[in-house]
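Subject: Structure handover

Hello,

Here is the structure I promised to pass on. Please open it first, then read my notes alongside.

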Amino acid sequence: KQWYQRRVAITAGLVGSDDKGNEYYENNDYFLGRNRWVQFKEPNWLMMKSDASDIPAEWHAWMHNMTDHTPVTHPPAERKFHMEHRANMTPIFHERYTPSTTTKPKVESWNPAQPNKIE
């Protein structure tokens, strides 16, 4: 039995796990869309929920019923452009992506401390 998020004991079969230790379950007695779920190894207790970006891309297709084949039974083809999976880093200030530009802004803001330049 798997202790589900709503504190209900349900029976489900362990289908596999990823390299981060997340476990994936399936019970086809439930309707489509509720028959597959993940139990995160390290849930985010700070926000009292786990982030969907913690699921690697190879498990994403199985979780969303795009395929019935798990990465355990049918591993994805290795491609040289594939990168190691990394969760969304937006909530972590020093790790998040901050865009920057090297072009001059088109509009300059007005600063009342500077004298007006008449050209």
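A nonpolar core, as used here, is a set of buried Ala, Val, Leu, Ile, Met, Phe, Trp, Tyr and Cys residues joined through side-chain atoms within 4.5 Å. Keep in mind that this is a predicted model.

**The core**

Which residues make up the largest nonpolar core? It has seven: Tyr24, Val38, Phe40, Ile55, Trp59, Trp62 and Met63. Helix 1, residues 57–63, gives the most to this core, with three residues. In soluble globular proteins, nonpolar side chains tend to be buried together.

Setting aside residues up to four places away in sequence, isoleucine 55 touches Tyr24, Val38, Phe40, His60, Met63 and His85.

**The overall plan**

The protein has one helix and five strands. Read along the sequence, the pattern is β-β-β-β-β-α. Of its 119 residues, 18% count as buried. Now take the contacts between residues at least 6 apart in sequence. Of these, 40% join residues at least 24 apart.

Strand 3 pairs with strand 4 over four bridges, in the antiparallel sense. Glycine 13 has glutamate 26, in strand 4, as its bridge partner. The two strands form a hairpin with five residues between them. In that turn, glycine 21 has a positive phi of about 100°.

Strand 4 and strand 5 also pair in the antiparallel sense, again over four bridges. Here tyrosine 25 stands opposite tryptophan 37 of strand 5.

**Arginine 36**

Arginine 36 is found in strand 5, residues 36–39. Is arginine 36 buried or exposed? Its relative accessible area is 9%, and buried means under 20%, so arginine 36 counts as buried.

How many salt bridges does the structure hold? There are two. In one of them, the side chains of arginine 36 and glutamate 26 meet at 3.0 Å, N to O. This pair links distant parts of the chain. Arginine 36 is in strand 5 and glutamate 26 is in strand 4 (residues 23–26), 10 residues apart.

Aspartate 68 and arginine 36 also meet in a salt bridge through their side chains, at 2.9 Å, N to O. Aspartate 68 lies in the segment after helix 1 and arginine 36 in strand 5, so this pair ties together parts that are 32 residues apart in sequence. Aspartate 68 has 62% relative accessibility, and exposed means over 50%, so aspartate 68 counts as exposed. Salt bridges that share partners join Glu26, Arg36 and Asp68 into one network.

The side chain of arginine 36 has a further polar partner. It reaches the backbone oxygen of tryptophan 62 at 2.6 Å. Tryptophan 62 is one of the core residues listed above.

What else is in contact with arginine 36? Leaving aside neighbours within four places in sequence, the list is Tyr25, Glu26, Trp62, Met63, Asn65, Thr67 and Asp68. Among them, Trp62 and Met63 belong to the core.

**Alanine 87**

One last stop. Alanine 87 is placed in the segment after helix 1. Its relative accessible area is 23%, which lies between the 20% limit for buried and the 50% limit for exposed, so alanine 87 is partly exposed.

Where does alanine 87 sit relative to isoleucine 55? The two are 32 residues apart in sequence and 7.8 Å apart in space, C-alpha to C-alpha.

**Where to start**

I would begin with the network of Glu26, Arg36 and Asp68. Then turn to the core and the three residues that helix 1 gives it.

Best wishes

Note on methods. Residues numbered from 1 in each chain as written. Predicted model: local features only at pLDDT ≥ 70, side-chain atom pairs only at ≥ 80, totals over all residues. Heavy atoms only, no water. Buried < 20%, exposed > 50% of the residue type's maximum accessible area, 1.4 Å probe, protein only. Polar contact = N/O pair within 3.5 Å; in protein donor to acceptor, adjacent residues only side chain to side chain. Contact = heavy atoms within 4.5 Å. Salt bridge = Lys/Arg side-chain N within 4 Å of Asp/Glu carboxyl O. Pairing = 2+ DSSP bridges.
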